[in-house]
Amino acid sequence: MPPKLTVVLDKATSTRALVEGSGTFVIQVPTAAQLHLTHAVGTRSLADEPDKLARAGVELFAREGHDLPFVAGCSAWLACRLIPEPHNQNTYDLFIGEVVAAWADTRVFSDGHWHFENADPSLRSLHYIAGGQFYAIGESLTV
Ligand SMILES: Cc1cc2nc3c(=O)[nH]c(=O)nc-3n(C[C@H](O)[C@H](O)[C@H](O)COP(=O)(O)O)c2cc1C
(Lines give C-alpha, C1' and ligand atoms only; values in the text may rest on other atoms or scores of the structure.)
Protein backbone atom coordinates (compact mmCIF):
# COMPACT_ATOMS: atom_id res chain seq x y z
CA MET A 1 0.00 0.00 0.00
CA PRO A 2 1.41 3.43 -0.88
CA PRO A 3 2.04 5.76 2.07
CA LYS A 4 -0.73 8.17 2.97
CA LEU A 5 -1.18 11.22 5.16
CA THR A 6 -4.01 13.45 6.30
CA VAL A 7 -4.33 17.20 6.45
CA VAL A 8 -7.07 19.43 7.82
CA LEU A 9 -7.97 22.31 5.52
CA ASP A 10 -10.43 24.84 6.83
CA LYS A 11 -13.23 25.89 4.49
CA ALA A 12 -12.02 29.50 4.81
CA THR A 13 -8.65 28.77 3.17
CA SER A 14 -7.84 29.35 -0.48
CA THR A 15 -5.50 26.39 -0.27
CA ARG A 16 -8.51 24.09 0.15
CA ALA A 17 -10.02 25.20 -3.16
CA LEU A 18 -6.65 24.73 -4.88
CA VAL A 19 -6.32 21.21 -3.50
CA GLU A 20 -9.89 20.29 -4.41
CA GLY A 21 -9.51 21.79 -7.87
CA SER A 22 -6.18 20.20 -8.77
CA GLY A 23 -6.48 16.93 -6.85
CA THR A 24 -2.86 17.35 -5.76
CA PHE A 25 -0.82 19.07 -3.07
CA VAL A 26 2.68 19.21 -1.63
CA ILE A 27 3.57 18.91 2.04
CA GLN A 28 6.60 21.15 2.53
CA VAL A 29 8.62 20.68 5.73
CA PRO A 30 9.76 24.15 6.79
CA THR A 31 12.95 24.80 8.73
CA ALA A 32 13.78 27.01 11.72
CA ALA A 33 15.40 29.40 9.26
CA GLN A 34 11.96 29.79 7.66
CA LEU A 35 10.20 30.75 10.91
CA HIS A 36 9.00 34.17 9.76
CA LEU A 37 8.19 32.97 6.26
CA THR A 38 6.11 30.11 7.67
CA HIS A 39 4.21 32.35 10.04
CA ALA A 40 3.62 34.92 7.32
CA VAL A 41 2.09 32.49 4.82
CA GLY A 42 0.05 30.88 7.61
CA THR A 43 -1.52 34.12 8.81
CA ARG A 44 -2.46 35.68 5.47
CA SER A 45 -4.78 34.42 2.76
CA LEU A 46 -4.30 34.30 -0.98
CA ALA A 47 -7.88 35.55 -1.11
CA ASP A 48 -6.81 38.90 0.37
CA GLU A 49 -3.22 38.99 -0.89
CA PRO A 50 -2.78 37.15 -4.20
CA ASP A 51 0.97 37.88 -3.97
CA LYS A 52 1.31 36.65 -0.37
CA LEU A 53 3.92 34.04 -1.25
CA ALA A 54 6.26 36.53 -2.92
CA ARG A 55 5.69 39.04 -0.13
CA ALA A 56 6.66 36.45 2.46
CA GLY A 57 9.84 35.65 0.54
CA VAL A 58 8.68 32.28 -0.78
CA GLU A 59 10.66 31.07 -3.78
CA LEU A 60 9.05 28.24 -5.71
CA PHE A 61 10.87 25.72 -7.84
CA ALA A 62 9.78 22.90 -10.15
CA ARG A 63 10.65 19.23 -10.21
CA GLU A 64 10.63 17.30 -13.44
CA GLY A 65 7.55 15.18 -13.91
CA HIS A 66 5.57 16.98 -11.20
CA ASP A 67 3.31 19.91 -12.02
CA LEU A 68 3.42 21.16 -8.43
CA PRO A 69 4.86 24.12 -6.50
CA PHE A 70 7.86 23.28 -4.27
CA VAL A 71 9.10 25.81 -1.70
CA ALA A 72 12.84 26.41 -1.81
CA GLY A 73 14.71 26.05 1.48
CA CYS A 74 12.44 23.43 3.05
CA SER A 75 14.05 20.27 4.37
CA ALA A 76 11.64 17.83 2.76
CA TRP A 77 8.77 17.71 0.30
CA LEU A 78 5.99 15.14 -0.10
CA ALA A 79 4.11 15.23 -3.41
CA CYS A 80 0.57 14.00 -2.82
CA ARG A 81 -2.43 12.95 -4.84
CA LEU A 82 -5.75 13.68 -3.18
CA ILE A 83 -7.81 10.59 -2.45
CA PRO A 84 -11.25 12.18 -2.79
CA GLU A 85 -13.47 11.49 0.22
CA PRO A 86 -16.19 14.17 -0.02
CA HIS A 87 -17.85 13.08 3.24
CA ASN A 88 -14.63 13.45 5.27
CA GLN A 89 -13.77 16.69 3.51
CA ASN A 90 -17.15 18.34 3.96
CA THR A 91 -17.88 17.07 7.47
CA TYR A 92 -14.46 17.12 9.12
CA ASP A 93 -12.31 19.28 6.78
CA LEU A 94 -10.11 16.18 6.57
CA PHE A 95 -8.20 15.45 3.35
CA ILE A 96 -6.36 12.23 2.62
CA GLY A 97 -3.33 12.27 0.39
CA GLU A 98 -1.39 9.44 -1.20
CA VAL A 99 2.31 10.25 -1.23
CA VAL A 100 3.45 9.75 -4.82
CA ALA A 101 7.01 11.05 -4.40
CA ALA A 102 9.21 12.41 -1.63
CA TRP A 103 12.52 14.25 -1.38
CA ALA A 104 14.65 15.43 1.54
CA ASP A 105 17.71 17.55 2.08
CA THR A 106 20.58 15.11 2.66
CA ARG A 107 21.95 17.38 5.40
CA VAL A 108 19.04 16.22 7.60
CA PHE A 109 17.94 12.94 6.02
CA SER A 110 20.09 10.15 4.63
CA ASP A 111 20.22 6.36 4.59
CA GLY A 112 16.51 6.31 5.41
CA HIS A 113 16.90 8.30 8.63
CA TRP A 114 16.50 11.81 9.92
CA HIS A 115 19.56 13.20 11.71
CA PHE A 116 18.57 16.70 12.74
CA GLU A 117 20.79 16.38 15.82
CA ASN A 118 23.94 16.43 13.70
CA ALA A 119 22.83 19.16 11.32
CA ASP A 120 22.88 22.92 11.61
CA PRO A 121 20.08 24.00 14.02
CA SER A 122 18.71 26.32 11.31
CA LEU A 123 17.65 23.18 9.41
CA ARG A 124 15.47 21.81 12.22
CA SER A 125 11.83 21.29 11.32
CA LEU A 126 9.18 23.67 12.69
CA HIS A 127 6.17 22.49 14.69
CA TYR A 128 3.37 24.94 15.27
CA ILE A 129 1.53 25.26 18.56
CA ALA A 130 -0.63 28.42 18.43
CA GLY A 131 -0.38 32.15 18.93
CA GLY A 132 2.81 32.51 16.92
CA GLN A 133 4.68 29.88 18.96
CA PHE A 134 6.61 27.11 17.28
CA TYR A 135 9.01 24.43 18.45
CA ALA A 136 12.01 23.30 16.46
CA ILE A 137 12.40 19.54 16.47
CA GLY A 138 14.31 18.44 19.55
CA GLU A 139 16.78 15.82 20.63
CA SER A 140 16.98 12.34 19.18
CA LEU A 141 15.95 9.48 21.51
CA THR A 142 16.89 5.99 20.38
CA VAL A 143 15.92 2.66 21.93
C1 LIG B 1 2.09 27.42 11.20
C2 LIG B 1 0.67 27.42 10.75
C3 LIG B 1 0.07 26.23 10.39
C4 LIG B 1 -1.26 26.20 9.91
N5 LIG B 1 -1.81 25.00 9.58
C6 LIG B 1 -3.08 24.98 9.10
C7 LIG B 1 -3.68 23.74 8.73
O8 LIG B 1 -3.10 22.66 8.87
N9 LIG B 1 -4.95 23.77 8.22
C10 LIG B 1 -5.64 24.95 8.05
O11 LIG B 1 -6.78 24.91 7.57
N12 LIG B 1 -5.09 26.13 8.39
C13 LIG B 1 -3.84 26.17 8.92
N14 LIG B 1 -3.28 27.37 9.30
C15 LIG B 1 -4.05 28.60 9.06
C16 LIG B 1 -3.94 28.99 7.58
O17 LIG B 1 -2.58 28.96 7.21
C18 LIG B 1 -4.52 30.37 7.35
O19 LIG B 1 -5.93 30.29 7.41
C20 LIG B 1 -4.06 30.93 6.01
O21 LIG B 1 -4.27 32.28 5.98
C22 LIG B 1 -4.74 30.27 4.82
O23 LIG B 1 -4.19 30.82 3.63
P24 LIG B 1 -4.87 30.60 2.21
O25 LIG B 1 -6.27 31.20 2.29
O26 LIG B 1 -3.98 31.38 1.28
O27 LIG B 1 -4.87 29.15 1.94
C28 LIG B 1 -1.98 27.40 9.81
C29 LIG B 1 -1.37 28.60 10.20
C30 LIG B 1 -0.06 28.62 10.67
C31 LIG B 1 0.56 29.93 11.09
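A polar contact is a pair of N or O atoms within 3.5 Å; within protein, one must be able to donate a hydrogen and the other to accept it, and residues adjacent in sequence count only if both atoms are side-chain atoms. The model is predicted, so local features need pLDDT of at least 70 and side-chain atom pairs pLDDT 80 or more, while totals for chains, interfaces and linings use all residues. Residues are numbered from 1 along each chain as its sequence is written, and side-chain values use heavy atoms, without hydrogens and water.

| Residue | Protein atom | Distance |
|---|---|---|
| Asp10 | backbone N or O | 2.8 Å |
| Thr15 | side-chain N or O | 2.4 Å |
| Gly42 | polar backbone atom | 3.1 Å |

On its own the ligand has 640 Å² of accessible area (Shrake-Rupley method, 1.4 Å probe), and the protein covers 68% of that area. Around the ligand are 14 residues, of which Val8, Ser14, Thr15, Arg44 and Ser45 come nearest; a residue counts as near if one of its heavy atoms lies within 4 Å.

Helix 1 spans residues 14-22; helices are DSSP runs (H or I, at least four residues) numbered from the N terminus. Thr13 caps the N-terminal end of helix 1, with a side-chain oxygen 3.2 Å from the backbone nitrogen of Arg16. Arg16 also forms a salt bridge with Glu20, their closest N and O atoms being 3.8 Å apart; the rule is a side-chain nitrogen of Lys or Arg within 4 Å of a carboxyl oxygen of Asp or Glu. These two residues are four apart in helix 1, about one turn. Just after helix 1, Gly23 has a positive phi of about 70 degrees.
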